[in-house]
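Biologist: Hi! Could you walk me through this model while we both have it open?
Modeller: Happy to, ask away.

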Amino acid sequence: EDIFLMLLKQVFGGLFNIMLWICVACELTLAVIFEKDDTVTPLILSMVIVASGTLQWWTELQAESMMESLQSMQRTELVCVHRTTSRGGQREVREQWLEPSDLVPGELVELEAGDKIPADVRIVYCTKGTEVDNAALTGESLPEARTVEVEGDGVAVHEAHNVCFFGTTVLKGKMKGIVFATGDDTFLGQINETMTQCARTRSTLEMQIEHFVHVIAYVAMAVGLLSLVANLMSPVKRPIDLILENAATAFFAQVPEGLLPTVTISLMIASTRMVRRKVLVRKIDAIETLGCVSVLCSDKTGTLTSGCMTATDIVTYADGFTSCRCTGAEWAAPVLNASVLSLAQCGILNNSSKPNREGVMAGSPTEVAIMEACTRVFGDDRMQYQEQNPQVFEIPFNSETKWMLTIHADGLRPGAFRMVLKGAPERVLAMCTRVLNESSTVELSDQRRGEINTHLHKLMSGGRRVLCFAEMRLDGYADD
């Protein structure tokens, strides 16, 4: 909507503003027709109306500007697209990186963990265990699995597991898909269009003020008419200009000219205080209703959560247990013994998160939390360590196996590889025969296994989600 049209609506729209402008018009009419000298009153009243409307318009314009600034901060990532081109009479498929706005239906896009889905896409290939975050669409915080299997005829499109939607995020795995809807034609775009077509519900304050203005209008008109009738029927004969002036004065006296600036300034003060509390209100009239809220209820955890996780403890076994705090004021440089450093290396290698264009880690909240915690332990050489140990094989996490496996080549030792396993404690422990005890490994006896399980249950009873790591060295294999 045009900003100047918004200003005109604020100054001249609304029943109360119309009543005040009627007062101004009547004052000016009396001053012009009957040659009265009082032109100051209508001038001041006009300035009050214009100033109040301008203040409300400016406040709402600031809120709109802040909303647009927040939206502009969410930069769109370039999308990997496979396009068929013709060169020298031959057709070849080339990989291109495009803005999401340049996509058209029918194009083949490639996505991986951490990528935002740029359009509605039908999956034609994905790794096992691929998951997406549909919280932006459904409000559910739990990830949803995706496959290439076509759903039956009775399944709605938004419930199909072989379809990904614009605005959601890939959490795990890799996929390729065919774009079938972009922009306003996407599922999220249709929801947004439906919402914009709905009429804005009036706030409680608007309805109360409208009711008050109706009462004032009836009272003012009644008093004005009674004054006019009384002056006409009075035994004292008065000139017509004096009779009209008395009636108009009686009418104006019932109109609270100070109500408009008082309400506007009060709402502006409340809006400023809410901004300090990180609450942005687009329509200033809604502040009164929002201020009445004391309890906010939600039926979905994903509606209010930020979609982030934090690793709080790094625990290793060393004839007992060594625990390092990873967050808050309790974080301090831990005792970097061999077992803690080895665990941090496993967490860095067996990880599907990756930095985005701003350098912030993106991907599954669990993967990002593990990477951040292990980077704190390992230091700034994380990128170099990943380059020295490139990943050559991966079995993604899935709900059936409850583990993720990666194999990495040792850049310092040709033919040597490092296999890293991460997953649910009971699954990982079942595959282990030895445990790292500081700088050496020892047999994982029943006693040690029992001690580990006891400590795992202790951690879980504190509300923590626990994952275990295991590794195996592979030597004497060819690089291919």
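**Chatting through the model**

Modeller: Let's begin with a loop: Lys-402 sits in the one between β14 (391–395) and β15 (403–409). Keep in mind that this is a predicted model.

Biologist: Okay, what is the phi of Lys-402 like?

Modeller: Lys-402 has a positive phi of about 60 degrees, although it is not a glycine. Most residues other than glycine have a negative phi.

Biologist: And how exposed is Lys-402?

Modeller: Lys-402 is partly exposed, with a relative accessible area of 33%.

Biologist: Is Gly-423 buried or exposed?

Modeller: Gly-423 counts as buried, because its relative accessibility is 2% and the cut-off for buried is under 20%. Also, Gly-423 and Leu-405 are 18 residues apart in sequence and 8.7 Å apart in space, C-alpha to C-alpha.

Biologist: Let's zoom out. How many helices and strands are there in the protein?

Modeller: The protein has 15 helices and 19 strands. It has 480 residues, of which 37% count as buried.

Biologist: And what share of the contacts join residues at least 24 apart?

Modeller: Taking contacts between residues at least 6 apart in sequence, 61% join residues at least 24 apart.

Biologist: Now helices. How do α6 and α7 pack?

Modeller: Helix α6 (residues 204–233) packs with α7 at an angle of about 155 degrees, and their axes are 8 Å apart. Angles over 145 degrees count as roughly antiparallel, so that is how α6 and α7 run relative to each other. Their crossing is right-handed.

Biologist: Which residues make that contact?

Modeller: From α6 you have Ala-220, Met-221, Val-223, Gly-224, Ser-227, Leu-228, Asn-231 and Leu-232. From α7 come Ile-243, Leu-244, Asn-246, Ala-247, Ala-250 and Phe-251. Sorted by class, the contact of α6 with α7 has ten nonpolar, four polar and no charged residues.

Biologist: What about α2 and α7, at what angle do they cross?

Modeller: Helix α2 (residues 15–33) and helix α7 (residues 240–253) cross at roughly 160 degrees, and their axes come within 11 Å. That makes α2 roughly antiparallel to α7. The crossing of α2 and α7 is left-handed.

Biologist: Who meets whom there?

Modeller: On the α2 side it's Cys-23, Cys-26, Glu-27 and Leu-30, and they meet Leu-244, Glu-245, Ala-248, Phe-251 and Phe-252 in α7. The residues of this contact of α2 with α7 divide into seven nonpolar, no polar and two charged.

Biologist: Where is Gln-254?

Modeller: Gln-254 is in the loop between α7 and α8 (259–276), and at 28% relative accessibility Gln-254 counts as partly exposed. Setting aside neighbours within four places in sequence, Gln-254 is in contact with Ile-216, Val-219, Ala-220 and Val-223. Gln-254 and Val-219 are 35 residues apart in sequence, yet 7.2 Å apart in space, C-alpha to C-alpha.

Biologist: Changing topic: how many aromatic pairs does a search of the whole structure find?

Modeller: The search finds two aromatic pairs. Phe-12 and Trp-21 form a stacked pair, 5.1 Å centre to centre with 20 degrees between the planes. Phe-12 is partly exposed, with a relative accessible area of 46%. Phe-165 and Phe-187 form a tilted pair, 5.5 Å centre to centre with 45 degrees between the planes.

Biologist: Which parts does the pair of Phe-165 and Phe-187 tie together?

Modeller: Phe-165 lies in the loop between β7 (163–164) and β8 (169–172) and Phe-187 in helix α5 (residues 187–197), so the pair ties together parts that are 22 residues apart in sequence. Phe-165 counts as buried at 1% relative accessibility, whereas Phe-187 is partly exposed at 26%.

Biologist: Last one: where is Ser-352, and what does it touch?

Modeller: Ser-352 lies in the loop between α11 (338–349) and β12 (354–355). Not counting residues up to four places away in sequence, Ser-352 touches Ala-113, Leu-171, Glu-367 and Met-404. Ser-352 counts as buried, at 19% relative accessibility.

Definitions and conventions
Residues numbered from 1 in each chain as written. Predicted model: local features only at pLDDT ≥ 70, side-chain atom pairs only at ≥ 80, totals over all residues. Heavy atoms only, no water. Axes fitted to C-alpha atoms, helices over the stretch in contact; angles between N-to-C directions. Helix = DSSP H or I, 4+ residues; strand = E, 2+ residues; numbered from the N terminus. Parallel < 35°, antiparallel > 145°, perpendicular 65-115°, else oblique. Left-handed = near helix turned anticlockwise from the far one by under 90°. Contact = heavy atoms within 4.5 Å. Nonpolar A, V, L, I, M, F, W, Y, C, P; charged D, E, K, R; others polar. Phe/Tyr/Trp six-rings, centres within 6.5 Å; stacked < 30°, edge-to-face > 60°. Buried < 20%, exposed > 50% of the residue type's maximum accessible area, 1.4 Å probe, protein only.
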